[in-house]
Amino acid sequence: MATEAKKPIRWHVAVFLAPALLVYTAVMIIPLFGTLQLSLFSAEGQGRVFAGLDNFRTLFFDPRWSASFWNALWNNTWFFIIHMLVQNPIGIVLAALLSSPKLRFSAFYRTAIFIPTILSFVIVGFAWKLILSPLWGVAPNLLDLVGLKSLFTPWLGKEQYALTTLGLISVWQFIGIPMMLIYAALLSIPDEVIEAAECDGVTGMAQFWKIKLPLILPAIGIISILTFVGNFNAFDLIYSAQGALAGPNFSTDILGTFLYRTFFGFQLQIGDPYMGSTIASMMFFIILAGVCLYLFTVQTRLRRYQF
Amino acid sequence: MSTATSSLPRTIAAHAVLLAYTAIALFPVVIIVVNSFKSRNAIFRSPLAPPTTETFDLIGYTTVLNQGDFFLYFQNSFIVTVMSLFFVLLFGAMAAFALSEYRFRGNSLMGLYLALGIMIPIRLGTVAILQLMVASGLVNTLTALILVYTAQGLPLAVFILSEFMKQVSDDLKNAGRIDGLSEYRIFFRLVLPLVRPAMATVAVFTMIPIWNDLWFPLILAPSEATKTITLGAQLFIGQYVTNWNAVLAALSLAILPVLILYLIFSRQLIRGITSGAVK
């Protein structure tokens, strides 16, 4: 624009932007690309050589690597499915109950249910490990109270249950986030809309399904994609509860723990930054694909209502 | 307004469900804290009972406080969290102000660039971040953690704060300009105080993941002098896993600070979420 060119350079704009851009670019963007780049190299004596896509080929097809990779990827997918099937529906129910008008003590419930979300994975992992441990009688005793003691087994110690148990623990921890976001979305529905529905005789469950649910779909969409990113980047809970080897027998191994072991090495293997970068790059592509899929298919089809 | 939806049986049912879930949410926390005050025998014999005068015992706490450097770890976590929070809020607010206040070429592109980090986790760049920190001699310093967490917190901070800054009235800022205030003064004196509620929301969202993070302390600063409380508790628990008193006490000590912080900020957090974070 001609008029703009005559104006003096507005240094303050640069000053305001510079610190954030510098830190963000130097510590986040450049390392992200650095990691992508490293995945194209492999170790050669002291130095490194360009290996093209060899690392990816190794990861997918070399029997020593591919079994672990596909196992971690499948486990990660199952971890995500548990969250979608359990966390979001329960979150919606809790938010719907909390947002019902004239409900007393709602601030208390909200705070109490959100507390697990603020705890660190280390606390959560160990607390549940202790509670579910067959050594300490809490879980069996509790099941005994309701007459279900026969159901108890060391859930975290058996291959067929461990991952699902950890998924449910993670759901327990993070339920606060969908609950809060959906609660906020429900509160932002104007009273007139609800009143209009009531005038038309749409009340109770029908009102929820026909009026409120369509209005909170965008919030549910955002929660789903946040869950996706969070799950495919998870590490801490598994590491705290099951260690870096993601026992028993790698049945709880997800991409995060696989990346950690590969990069740093652990007991049986030595660390390999190049294969580590390759796994991190695969996680990057998976998350990117998920986010793009969401942005281009789900987000554009969601109807947004303006009030 | 909605007499039809809040009849008595419905209300009771709602309370029953919410109470049941509250019990599920709090049970593990309560059981850990309660048992941390009991003697070893009582922990095993009656794990569900509250401590009595006979079973009350602080042995776990004395073990933890004598053995582990919990105060040092706590101090490290505190420094890292507060410093990162300060930089995220300052740099984030400055960038958000530039993006929402001025029209310049590449404005929206810049916004998009900064928003990328909301979706792509910084953890995926770990391999190269470690190399960067090794090259600049920052491994095993708190500075490394502060830098990483600042970068991690900035995208969301810029995103939320610029939404709020768009709502600050232009008349106010223009009045300031007519009075001869510089752009910097307008930002620090006029705009920053007005977006304080949004800053509190961003602070809570930024603080919790930093305080609880295990990945970066484990990788960038695992030395004794720079351990954070999360990493310290993790290692301590691993080491003393058979000393149940100590483990339960360590867990309780690690729960306490976040709990206090959350109770202080929770009202602000809820107000922040309901007034715009989802829109």
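Trainee: Which residues make the nonpolar surface patch of about 550 Å²?

Mentor: This is a predicted model, where local features need pLDDT of at least 70, side-chain atom pairs count only at pLDDT 80 or more, and totals for chains, interfaces and linings use all residues. Residues are numbered from 1 along each chain as written, chains are lettered from A in the order written, and side-chain values use heavy atoms, without hydrogens and water. The patch is made by A:Leu142, A:Leu145, A:Val146, A:Leu148, A:Leu151 and B:Leu48.

Trainee: Is A:Leu142 buried, partly exposed or exposed?

Mentor: A:Leu142 lies in helix H7 (residues 138-145) of chain A; helices are DSSP runs (H or I, at least four residues), numbered from the N terminus. Buried means under 20% relative accessible area, exposed over 50%, and partly exposed in between (1.4 Å probe, protein chains only). At 31%, A:Leu142 is partly exposed.

Trainee: What is the phi of A:Asn249?

Mentor: A:Asn249 sits in the loop between helix H12 (236-242) and helix H13 (255-264) of chain A. With a relative accessible area of 57%, A:Asn249 is exposed. Although A:Asn249 is not a glycine, its phi is positive, about 50 degrees.

Trainee: And which loop holds B:Asn140?

Mentor: B:Asn140 is not a glycine, yet has a positive phi of about 60 degrees. Its loop lies in chain B, between helix H6 (126-135) and helix H7 (142-165).

Technical notes:
Helix = DSSP H or I, 4+ residues; strand = E, 2+ residues; numbered from the N terminus. Patch = residues over 30% accessible without salt bridge, like charges linked within 9 Å, V, L, I, M, F, W, Y side chains within 5 Å. Areas by Shrake-Rupley, 256 points an atom, 1.4 Å probe, with all protein chains shown as cover. Salt bridge = Lys/Arg side-chain N within 4 Å of Asp/Glu carboxyl O.
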